[in-house]
Amino acid sequence: MQPSGNRFGPNIYQGINGNVHGRSIAPQFVEDVINSVEPIQQENGVMVYISGSVKVVVNDQGAVITIVTYIGR
């Protein structure tokens, strides 16, 4: 699971508040986060699972919308 588009551009690693975004999250690791963490339900119906430096966002039908990683926090 890698970001698409400008994969090697100058801003691909620039994250929120200067943190660095990770890449290549294994699907099994995403499943482990979803199965081991109590989700936080958002107003729009999506569920957010946060474990360490990984945030997984899942829609109301159970499909993964996005995965955000923070390295070097």
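Contact, in this talk, means heavy atoms within 4.5 Å. Keep that in mind for what follows.

What you see is a predicted model, in which local features need pLDDT of at least 70, side-chain atom pairs count only at pLDDT 80 or more, and totals for chains, interfaces and linings use all residues. Residues are numbered from 1 along each chain as its sequence is written, and side-chain values use heavy atoms, with hydrogens and water left out.

Confidence comes next. pLDDT is the predictor's confidence in each residue, from 0 to 100. The protein averages 76, and 64% of the residues score at least 70. For residues 12-16 the pLDDT is below 50, and this stretch has 13 contacts in the model beyond near neighbours in sequence.

Now the elements themselves. Helices (H or I, at least four residues) and strands (E, at least two) are DSSP runs, numbered from the N terminus. Two strands pair if DSSP finds at least two bridges between them. Four strands form an open sheet in the order S1-S2-S3-S4, with antiparallel pairing. At the edges are S1 (40-41) and S4 (64-69), each pairing on one side only.

S1 pairs with S2, residues 47-51, over two bridges; Gln41 has Met47 in S2 as its bridge partner. S3 and S4 are joined by five bridges, again in the antiparallel sense, and Val58 stands opposite Val64 in S4. These two strands form a hairpin with five residues between them, and Gly62 in the turn has a positive phi of about 95°.

Where is helix H1? H1 (residues 27-36) lies across S2, S3 (54-58) and S4, at about 80° to S3. That angle is between N-to-C directions, on a scale from 0 to 180 degrees, with axes fitted to C-alpha atoms, for helices over the stretch in contact.

On to the core. A nonpolar core is a set of buried Ala, Val, Leu, Ile, Met, Phe, Trp, Tyr and Cys residues joined through side-chain atoms within 4.5 Å. Buried means under 20% relative accessible area, exposed over 50%, partly exposed in between, with a 1.4 Å probe and protein chains only. The largest such core has eight residues: Ile25, Val30, Val33, Val37, Tyr49, Val54, Val56 and Val58. H1 and S3 each give two or more residues to this core, and S3 has the largest share, three.

Last, Ser51, which lies in S2. Why does Ser51 count as partly exposed? Because its relative accessibility is 29%. Leaving aside residues up to four places away in sequence, Ser51 touches Val33 and Val37.
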